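Colleague: I'm new to this one, and I'd like to know where each label comes from. Can you take me through them?

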Amino acid sequence: MALHRVGILTGGGDAPGLNAVLRGFIKRAVGQLHWQVVGVEDSFDGLLEDPIRVIELTAPRCRGLLARGGTFLGTTNRGDPFDYRGQGDLSHRVPRAMDELGLEGLVVIGGDGTQAIGWRLMQEYGVPVVGVPKTIDNDLSATDRTFGFQSAVEVATEALDRLHTTAESHDRVILLEVMGRDAGHIALHAGLAGGADCIVIPELPYDPDRICAKVMRRRSHGRAFTIIMVAEGARCANGEVPEKSPGLSIGGVSLLLARQIKARIEADVRVTVLGHLQRGGSPCAYDRLLSTRYGVAAVDLVEQDRWGEIVVLRNGSIIGVPITEAINTYRTVDPNGELVRTARAVGVEFGV
């Protein structure tokens with residue numbers, strides 16, 4: 001059995017389950033196969049900077065990782081080697097650093113952007129790469145589920161449960177904004193699970209008049225409060241866009257919708273932006289299991305020299321597919337899909 005020395009890194013935004021992936025990979029690769037595994041700090045940054053920043057990963061590093069949020073290796077979404085922080089193209093440093101470290105290949109844990117970087121390094125420099133998909137938005141088309149998504153849904157669902165009681169107590173319209181810049185999976189799943197009255201998502205541009213009509217219908221039926229779930233990337237059908245706050249990347253679509261409601265009807269409207277609470281904290285049991293499976297499966301791909309592939313969940317099984325399948329297309333919510341039909345069947349208003 002060949003012995004390997006490989007690097008592993010985490011890229012992009014953090015997600016519950018990152019440490020569990022690392023744990024699964026280390027336990028299998030180091031603990032059972034006796035490979036050498038090197039953790040690269042802060043995504044690709046650790047290979048680009050002088051001195052190189054890496055950690056030799058041994059079995060004791062796994063202690064306490066399963067339930068621990070974040071990533072002990074650190075991560076960043078601003079470290080593209082091909083356009084590095086205003087310094088230009090430093091991608092040539094990656095293979096040079098790997099040669100210096102004696103690395104056979106690189107395991108890249110990240111979303112579509114991180115996987116695209118890994119694939120480009122493989123194409124332009126011959127860097128052997130294996131991918132592990134990561135995004136709490138669950139918008140990678142290659143896999144049925146990404147780790148971190150279920151944890152984010154559970155956090156959002158609990159928030160809805162808590163907002164229900166205060167909204168009902170004060171006869172308020174409360175908007176809860178969750179992550180989902182391009183796809184509304186978190187908003188749809190959590191909104192349906194948490195009993196939201198309205199759900200607005202990027203895939204279904206909303207008409208504020210329809211949202212207000214829903215609020216008024218509820219009042220006519222003796223329900224003086226309304227809960228609205230909002231994906232951060234939701235769009236208004238009339239083309240009105242939120243005002244961006246200086247220095248902030250979030251446009252504040254929930255604030256726009258709140259103003260639109262108040263301009264149309266008399267209502268006590270409040271906004272809660274869940275933000276990075278969805279990323280932080282311990283992964284749920286489902287994500288701990290999925291992350292562990294991904295970590296172990298990534299070892300299998302390396303062992304079989306299946307570089308250029310990414311581990312994915314398909315029909316209940318973990319398999320490897322070409323990384324290009326993960327970066328070519330997004331998986332967005334199907335406006336005519338079963339979940340949307342189910343939501344409409346129980347009275348959820350999408351604004352369209």
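Modeller: Here is a walk through the labels, one at a time.

Modeller: This is a predicted model, where local features need pLDDT of at least 70, side-chain atom pairs count only at pLDDT 80 or more, and totals for chains, interfaces and linings use all residues. Residues are numbered from 1 along each chain as its sequence is written, and side-chain values use heavy atoms, with hydrogens and water left out.

Colleague: What makes strand 1 and strand 2 a pair?

Modeller: Two strands pair if DSSP finds at least two bridges between them. Strand 1 (residues 5-10) and strand 2 have four bridges, in the parallel sense, so they meet that rule. Ile8 sits opposite Gly39 of strand 2. The strands themselves are DSSP runs (E, at least two residues), as are helices (H or I, at least four), and they are numbered from the N terminus.

Colleague: Why is strand 2 said to be largely enclosed?

Modeller: Buried means under 20% relative accessible area, exposed means over 50%, and partly exposed is in between (1.4 Å probe, protein chains only). Four of the five residues of strand 2 (residues 36-40) are buried, so the rest of the structure largely encloses it.

Colleague: How many residues of strand 4 are buried?

Modeller: Six of six, so strand 4 (residues 105-110) is mostly covered. Gly105, Val107 and Ile109 point one way, Leu106, Val108 and Gly110 point the other way, and all are buried. In a regular strand the side chains alternate between the two faces of the sheet.

Colleague: Which strands does strand 4 run parallel to?

Modeller: Five bridges join strand 4 to strand 1, with Leu106 as the bridge partner of Gly7. Another five bridges link strand 4 to strand 5 (residues 129-133), also parallel, and there Val107 has Val130 as its partner.

Colleague: What makes strand 7 and strand 9 edge strands?

Modeller: There is an open sheet of four strands in the order 7-8-6-9, with parallel pairing. Strand 7 (198-200) and strand 9 (269-273) each pair on one side only, and that makes them the edges. The twist averages 20° from one strand to the next. Strand 7 has three bridges to strand 8 (residues 226-231), and Ile199 has Met229 as its partner there.

Colleague: Where does helix 5 lie?

Modeller: Helix 5 (residues 149-170) lies across strand 6 (173-178), strand 8 and strand 9, at about 165° to strand 6. Axes are lines fitted to C-alpha atoms, for helices over the stretch in contact, and angles run from 0 to 180 degrees between N-to-C directions. Contact means heavy atoms within 4.5 Å.

Colleague: Why is Leu65 called buried?

Modeller: Leu65 has a relative accessible area of 1%, so it falls in the buried class. It is found in the loop between strand 3 and helix 3 (93-101). Leaving aside neighbours within four places in sequence, Leu65 is in contact with Asn19, Ala20, Arg23 and Phe72.

Colleague: And why does Glu325 count as partly exposed?

Modeller: Its relative accessible area is 34%, so Glu325 belongs to the in-between class. Glu325 lies in helix 10 (residues 324-327). Setting aside neighbours within four places in sequence, Glu325 is in contact with Ser141, Ala142 and Arg314.

Colleague: What is the phi of Asp171?

Modeller: Asp171 has a positive phi of about 55° although it is not a glycine. Most residues other than glycine have a negative phi, and most peptide bonds are trans. Asp171 is found in the loop between helix 5 and strand 6. Asp305 also has a positive phi of about 55°, in the loop between helix 9 (285-303) and strand 10 (309-314). A cis peptide bond, with omega about 5°, joins Asp50 and Pro51.

Colleague: Which residues lie nearest the centre of the largest pocket?

Modeller: Asn77, Asp137, Arg181, Glu232 and Arg279, out of 50 lining residues. Helix 4 gives the most to that lining, with four residues.

Methods. On a 1 Å grid over the protein atoms alone, a cavity is a set of points where a 1.4 Å probe fits but cannot get out, and a pocket is an open set with protein on both sides within 12 Å along at least five of seven lines; lining residues have an atom within 4 Å of a point.
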